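Morning, everyone. Please bring up the model on your screens. I'll walk you through it piece by piece.

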Amino acid sequence: MDNEKTGRLICSLRKEMGLTQKQLADMMNISDKAVSKWERGLGCPDVSLLTELADIFGVGTDVLLSGEQKINEKSGGNMRNTVFYRCPVCGETMASSKKFELSCCGRKMSPLAISEADDAHKITIEPVEDELYITLDHEMTKAHYLTFAAYVSADTMTYIKLYPEQDAAFRIRARGSGFLYIGCSEHGLFRYRLR
Ligand SMILES: [Zn+2]
Ligand SMILES: [Zn+2]
């Protein structure tokens with residue numbers, strides 16, 4: 001592999017997602033110095049970190065290793081790198097394939113950081129006819145609940161608003177591969193890869 005090429009690609013994918021080196025490093029529990037090193041081509045992530053990086057960016061590890069993103073993957077990248085904004089006052093959520101300056105309730109909305117799902121936010125997927133029935137074992141009280149689910153594929157986006165006192169469950173029509181995002185009022189935003 002070519003460290004410089006891989007480094008440049010890591011840098012551009014990170015920026016596409018609107019992450020700083022520090023934010024990316026925090027998601028991976030590593031130091032931002034490591035990220036900076038990779039991006040300058042001074043080293044490369046080891047295999048386990050490479051897999052994690054590929055998951056965060058939604059690309060294959062082979063893409064990171066070659067340092068080259070094919071055109072079709074790049075166009076899918078617009079939707080892959082969906083940015084979600086949440087109003088700190090009313091809780092309204094917005095999704096966008098680009099970064100915008102948005103405000104709501106007189107406050108600036110800031111992009112939500114995306115993390116990979118932890119044990120408390122695991123999903124169970126059950127195919128029902130041509131839809132997927134997704135359930136979580138998660139609290140749905142006013143103090144702590146799932147706020148929305150969004151399914152994003154190359155050309156579609158389905159947004160489902162969720163409310164407290166409902167079941168932590170919803171149905172989506174999923175075609176091909178895409179990403180599912182689930183917002184939690186307490187724990188931020190989680191991303192799942194659907195194939
Ligand atoms: Zn608001
Ligand atoms: Zn939660």
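Let's start with a question: is Asn29 buried or exposed? Asn29 is exposed, because 8 other C-beta atoms lie within 10 Å. Here are the cut-offs: a residue is buried if 20 or more other C-beta atoms lie within 10 Å of its own, exposed if 12 or fewer, and partly exposed in between, with C-beta atoms placed from the backbone.

Before going on, some ground rules. This is a predicted model, where local features need pLDDT of at least 70, side-chain atom pairs count only at pLDDT 80 or more, and totals for chains, interfaces and linings use all residues. Residues are numbered from 1 along each chain as its sequence is written, while chains are lettered from A and ligands numbered from 1 in the order in which they are written.

How confident is the predictor? pLDDT is its confidence in each residue, from 0 to 100. The protein's mean pLDDT is 85, and 94% of its residues reach 70 or more. Residues 71-78 stay under 50. For that stretch the model has six contacts beyond four places in sequence. A contact here means two C-beta atoms, placed from the backbone, within 7 Å.

Back to Asn29. It sits in the loop between helix 2 and helix 3. Helices (H or I, at least four residues) and strands (E, at least two) are DSSP runs, numbered from the N terminus. Asn29 is not a glycine, yet its phi is positive, about 55°. Most residues other than glycine have a negative phi. Glu129 also has a positive phi, near 50°, and is not a glycine. Find Glu129 in the loop between strand 6 (123-128) and strand 7. Glu129 is exposed, because it has 8 other C-beta atoms within 10 Å.

Now the helices. Ala25 lies in helix 2. Ala25 counts as partly exposed, because 17 other C-beta atoms are within 10 Å. What does Ala25 touch, leaving out residues up to four places away in sequence? The answer is Ile30, Ser31, Asp32, Ala34 and Val35. Ala25 and Ser36 are eleven residues apart along the chain, and their C-alpha atoms are separated by 9.4 Å.

Next, helix 3, residues 32-39. Its buried residues are Val35, Trp38 and Glu39. Looking down the axis of helix 3, they fall within an arc of 95°, so they line one face. That arc is taken from the directions that run from the helix axis to the C-beta atoms. Helix 1 (3-16) and helix 2 (21-28) are among the elements that cover these buried residues. After helix 3 comes Gly41, with a positive phi near 75°.

Four strands form an open sheet in the order 2-1-4-3, with antiparallel pairing. Strands count as paired if DSSP finds at least two bridges between them. The edges are strand 2 (93-96) and strand 3 (102-104), each pairing on one side only. Strands of a sheet pair through backbone hydrogen bonds.

Look at strand 1, residues 83-86. Strand 1 pairs with strand 2 over four bridges, antiparallel. With strand 4, residues 107-111, strand 1 has two bridges, again antiparallel. Which residue of strand 2 is the bridge partner of Tyr85? That is Met94. In strand 4, Tyr85 stands opposite Pro111, and Arg86 stands opposite Ser110. The hairpin of strand 1 and strand 2 has six residues between the strands. In this hairpin, Gly91 takes a positive phi near 85°.

Last topic: the cores. A nonpolar core is a set of buried Ala, Val, Leu, Ile, Met, Phe, Trp, Tyr and Cys residues joined through C-beta atoms within 7 Å. The largest has 21 residues, and Ala149, Ala150, Tyr181 and Ile182 touch the most other members. Strand 1, strand 7 (131-136), strand 8 (146-153), strand 11 (178-184) and strand 12 (188-194) each supply at least two residues of this core. Strand 8 gives the most, with six residues. Apart from this core lies another, of twelve residues, including Ile10, Val35, Phe57 and Val59.

One more stop, Glu165. Glu165 is in the loop between strand 9 (157-161) and strand 10 (169-172). It counts as exposed because it has 8 C-beta neighbours inside 10 Å. Thanks, that's my tour.

Terms used
pLDDT = per-residue confidence, 0-100.
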